[in-house]
Amino acid sequence: MPIGKDEILRIANLARLFVSEEEIGPLQRHLNGILEHFERLKELDLEGIDPFAFECDTAGSSRQDAVSVWPGREDVLAQAPNREGDFFRVPRILDESDEVHLDECR
Amino acid sequence: MNAAEMAKAVREAKISAVEIAEGAIGRIRLIDSDVRALLTPLFERALEKAEEIDRKIELKQDPGPLAGVPVIVKDNLCMRGQVTTCGSRMLENWRPPYDASVVRFLEEAGAVILGKANMDEFAMGSSTENSAFFPTANPWDLERVPGGSSGGSAAAVACGYVPLALGSDTGGSIRQPAAFCGVYGLKPTYGLVSRFGLVAFASSLDQVGPFARSVEDLALAMNVLSKPDPADATSSWTTRPDYAAFLGRENLKGMKVGLVSEFEDYPVQSEITEALARVESILREAGAEFVPVSLPTTIEAGLPCYYILAPAEASSNLARYDGVRYGLSAEAESLMDLYMKTRGLGFGPEVKRRILTGTYVLSSGYYDAYYLVAQKARIRISREFRSAFEGADMILMPTTPTLPFRKGEHQDDPIQMYLSDVFTLPVNLAGLPGLSLNAGYSKSGLPVGVQFVGPKWGEGTLLAAAEAVERVLGKPTCAFGGEKA
Amino acid sequence: MRKPRTPVIGLEIHVQMKTESKLFCACSTDYIGAVPNTNVCPVCLGLPGALPVVNRKAVEYAVRTALALGARIGLSTRFHRKNYFYPDLPKAYQISQYDVPLAEGGRLPVGEEEKRKWIPITRLHLEEDAGKLVHSARDGRLGNSEYSLVDYNRGGVPLMEIVTEPELSTPSEARDFVSRLRQLVRFLGVSDGDMEKGSLRVDANVSLTDPQGGLGTKVEIKNMNSLRSLERALEFEIARQEECLERGEPIRQETRHWDDGKGLTRGIRGKEEAHDYRYFPDPDLPPLVLSEAFVEEQRRLLPELPWDLKERFVLQLGLSSEDASTLTELPGIARYFEGCVREGASPNRAANWIRTEVMRFLNEKKTSIENFPLSPEKLSRLLARIDKGQLSTTLAKTVFERMVTENLDEDEALEKAGAIAGKVSGDNLREMVKKVLEKEGPTVEEIKSGRDSKGKKRSFLCGLVMRESKGQADPAEVAKVLEDILDR
Ligand SMILES: [Mg+2]
Ligand SMILES: [Zn+2]
């Protein structure tokens, strides 16, 4: 089923991406184009393939539990779009309960 | 002079690093107003670094294998304190507080970084027209594109600004512009070169690699770039060979080169087919044996597979550009407003297309139907390559189906644009090394490239074969004449 | 037939692990009281180009916990990205584990011996913590805030998420489960398990079975930051659901917030459409592959589990269940007690003293057993004197007091307490005995007329003398003196 306008808007919202009225049409056509191409994959025989079976010779790589202090902190805060003292500042958070999960479970 | 000769001359104090840098800067000033390969020149800094190199020489210290060699790096590689835009409004004024590992490797080896190269926004594109700032022109025909996304780096080497440049390759972004600009471009095996400090597009496909105008320089660059990096968990610990050691073979006896049967009837411009034939006969002459290999579904499956997986990863990698910590940040009433506006304003059309595609294929209800199927197809493609390499040491195939196209030619049809990566992106899906080399010029004077693809860790074979071709066709020449820096 | 509605409770617990550095970078995990945004680096700030590398110690801690719970360790698991936008999440995704968690299965006991019940664990996985928001409003509430401030010091601190099967049936059981888990992570030394400090956070799912015993609608409650508020929140929520159902109102599937001040749960208004986190394997991280040898090594490093220890204290040392529970609440206390027993102290007296004197001191001084001035050996020596009757309990307490507050060694303390045993002796003692006997004429008569076969009355008089001497007499001498006065 081709992707409709409200589907585009649903995804755009999920991606936190403002799209203008003019952008919607082209985006719709593009996405449907991609998915049309994708239909070819459906003809492939992919039976019994473990999608994550790619060999990986770095499996299990890890680091020691050692602390080091990073000196660049001020360079970051100095470039913060909206710095307030030692903090990054963000505008009013309206009800976004679908997003507060991590914040709330503390 | 190529990079190797420059470094040698500098180390032997026959020429100063400053002289070389000044020469390069001069040529950039002369030509780049037309080509526009550079996004950010770093001339003052470069001259200071060059002086440091010369001081070391005076003090009889060894500045390293790239002593005084001027290089240009793609603008998605972080350089501490230097604007790194990724060709995007989103990062227009962002100065990374740290160096990419490969940038560190280059400077530790004595290279002098002259500037940051133009690119398609966040490396998404095949023409460098998606740069948020300006397009780069093809040095051989200013009306045409240099390819992309590493178009600036490729053009810089083609124009002879520098003998070496760094690009990144996610679906062909080194090899396709190398072919379009008539230079060498090597996309290493996934995990060979560190990604730490490379601004991510699609993490499981991205690799950093060199552009050069001589095979010797490619090997030299690989010796510097290809190091295990504890800061990149996907960086392999396998010990690297000395890539220079693969060069100087007087013939290719015993080397099996594969030709992909399925590719024969894929529409490719005649001049590219001719170039392939040219290279084939050169390799035969050198003693290589040709064998047919089969990649039954690679060409069919590659494109759709790639254009599901790469956007999926990109949609997540680019979610961090939210206007809170760095980069563009829109005036906003609320947090939601900040997100929507910042990202709506900061990203160009192609980036938006990919973010939305990626978000869609990962969103609930579509993951299994798209992302998972594509992931399976990816496994299948890498298996096809693996069995192909049971009978061959490397594969000879086109880099691109067409010669460099005109600016704007594909702007209203992105999917047409995607097709120019049809031969390169399967190589990323399989995590293999790919080398694009110049194999002559079209009647219209445009460079024609072909591609060598190897098995994992097969870079050495590709370099040896490329050298054999270089012996016959000669080193790629610079656009705008002159065998300059 | 109509059954009573019974509560069905499941818990989701986030435990902060006390590694030195964060889960994917070398920044310190010690964020409490740190200047905002000081424990940060390109990785935990999500700067473009930065990449995560997993902390081996965090994996060890999680594996140890999983083994202690008797869970099955996955030898090859993956990290996933949980994608959503929020200012405390610098990459706009949390690195977590999804379809293949580090461990599955396992169980934890609640309730006492005979009523002990094993609560099955669903899964245990690794994930990174998020940063912290400070809301501008005076009451610190998000709702009333003009703007918020973000501090990433906590971002990237390693968490274990532990999910139980919904098999807890009362608020007190849930409370017990959490305190057992807290006890466990403390014994394993993988977390300080402090709910108030947020190093252990509990979310709960509550529903009521319908009259036919079928499952009801699940409500998630959050924001309980003490064992007590967890229990209260569950009690409130269960009552609330019962009332709703009595009134014939359906239960809304929702997330509710516990308001500790008001003592009620409040539904979080707004879109209740399911989250779409777009989980997918994190391409920056290779599979987390563990060798059998590694897992065995972690198993070898497991200490005796608190509930086994408690059982041993009851069965082998004859402690009461309460004493055993108190002594096994904290690993340090348990070790201290065992030390005393090893030094020859009688288990019950040692247990008793640790519960009362020692713990009182620790509470008053707000310190932990680790920096308690008296070694188990010293305490045992003091207790031995009581057993030998050289010291009365009261006097021993004053001596103890001086030893811990003035850091005196035992003899000095005894000296100062004027409690050298046998100080009241010889003639003074003889006088004291006489005085006592005068007051106890009748008893003396009974003894003299031989009505004290079991010697009860004699020891009664002995006691009186000891009390008179404030324990400063040697009981043996008292007995001797009594004898020859009575026998005259
Ligand atoms: Mg969690
Ligand atoms: Zn960090």
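Where in chain B is B:Arg36 found? B:Arg36 sits in the loop between helix H2 (17–35) and strand E1 (38–41) of chain B. Helices (H or I, at least four residues) and strands (E, at least two) are DSSP runs, numbered from the N terminus.

## About the model

This is a predicted model: local features need pLDDT of at least 70, side-chain atom pairs count only at pLDDT 80 or more, and totals for chains, interfaces and linings use all residues. Residues are numbered from 1 along each chain as its sequence is written, chains are lettered from A and ligands numbered from 1 in the order in which they are written, and side-chain values use heavy atoms, with hydrogens and water left out.

## Backbone exceptions

Most residues other than glycine have a negative phi, and most peptide bonds are trans. B:Arg36 has a positive phi, near 60°. B:Arg36 is partly exposed, with a relative accessible area of 37%. Buried means under 20% relative accessible area, exposed over 50%, and partly exposed in between (1.4 Å probe, protein chains only).

C:Lys366 also has a positive phi, of about 45°. Its loop runs between helix H8 (347–364) and helix H9 (376–387) of chain C. C:Lys366 is exposed, at 74% relative accessible area. In chain B, a cis peptide bond links B:Gly148 to B:Ser149, with omega about 5°.

C:Cys27 and C:Cys44 both lie in the loop between strand E1 (7–16) and helix H1 (56–68) of chain C, so the pair ties together parts that are 17 residues apart in sequence. Both C:Cys27 and C:Cys44 are buried.

## Where chains C and B meet

Chain C brings 29 residues into contact with 37 residues of chain B. Contact means heavy atoms within 4.5 Å.

There is one salt bridge between chain C and chain B. C:Asp284 forms a salt bridge with B:Arg195, and the closest N and O atoms are 3.1 Å apart. A salt bridge is a side-chain nitrogen of Lys or Arg within 4 Å of a carboxyl oxygen of Asp or Glu. Strand E4 (80–83) and strand E16 (280–281) of chain C each supply at least two residues of the side that touches chain B.
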